Amino acid sequence: MSSGHLTLSQQALGLRSVFPDGLVRLGPNSLYWRGRLKPSALAREYTVEVSLKAGKNPVVTVEYPSLQPNAEGLLPHIWDDGSLCLNKAGQWSPNMLLVDTTLPWASEWLLHYEVWKGTGIWFGDDPSLETSEDQTQLLHPVPSHMQGKQALEQLQ
């Protein structure tokens, strides 16, 4: 392990210190965290999962409530697997605590998501990207495994 890189145990301790009610599981080369984020006093509470494999970037998914795409079946700033696109390449490194970076970024993403649901505009990027053409470039198809989950939640 390179000097300065935090261990998965250190990451787990950081998560548990700020989110004592969250679930943390450690494996030999992986960490899993599940907890709740509420991006603002007026926002809904979201159940979020973070997985981190040694030497990789963290992966963040929203478990509940499921993210709702627009009428065209698109969501802003998600990866092909449905995980959240939280930062630019190289902004996160293994010497950073998830609790100080990834979880605040996820909370900010959720706040922008709620505004997007109400306005149709993703304000989470450069303000110059607020034209209709630029906004369509931020949208991605919802992965098929997420679509079934959304349909099931709507029946409940």
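Reply: Start with a definition: buried means under 20% relative accessible area, exposed means over 50%, and partly exposed lies in between (1.4 Å probe, protein chains only). By that rule Glu 114, at 21% relative accessibility, is partly exposed.

This is a predicted model, in which local features need pLDDT of at least 70, side-chain atom pairs count only at pLDDT 80 or more, and totals for chains, interfaces and linings use all residues. Residues are numbered from 1 along each chain as its sequence is written, and side-chain values use heavy atoms, with hydrogens and water left out.

Now the salt bridges. Side chains of opposite charge can pair when their charged atoms come close. A salt bridge here is a side-chain nitrogen of Lys or Arg within 4 Å of a carboxyl oxygen of Asp or Glu. The structure holds three.

Take Glu 114 first. Its partner is Arg 44, and the closest N and O atoms are 3.5 Å apart. This pair links distant parts of the chain: Glu 114 sits in helix H2, Arg 44 in the loop between E2 and E3, 70 residues apart. Helices (H or I, at least four residues) and strands (E, at least two) are DSSP runs, numbered from the N terminus. Arg 44 is partly exposed, at 41% relative accessibility.

Next comes Arg 34 with Glu 49. Their closest N and O atoms are 2.4 Å apart. Again, distant parts of the chain are linked: Arg 34 belongs to strand E2 (residues 30-37), Glu 49 to strand E3 (residues 46-53), and 15 residues separate them. Arg 34 is partly exposed, with a relative accessible area of 33%. Glu 49 is buried, at 14%.

The remaining bridge joins Glu 45 and Arg 36, at 3.2 Å from N to O. Glu 45 is partly exposed, with a relative accessible area of 43%. Arg 36 is partly exposed too, at 47%.

Back to the helix. H2 covers residues 102-119, and Leu 110 lies in it. Leu 110 is buried, with a relative accessible area of 0%. What does Leu 110 touch, not counting residues up to four places away in sequence? Its contacts (heavy atoms within 4.5 Å) are Leu 37, Pro 39, Tyr 46, Val 48, Val 62 and Leu 67. One more distance involves Ala 43. The C-alpha atoms of Leu 110 and Ala 43 are separated by 8.7 Å, and the two residues are 67 residues apart along the chain.
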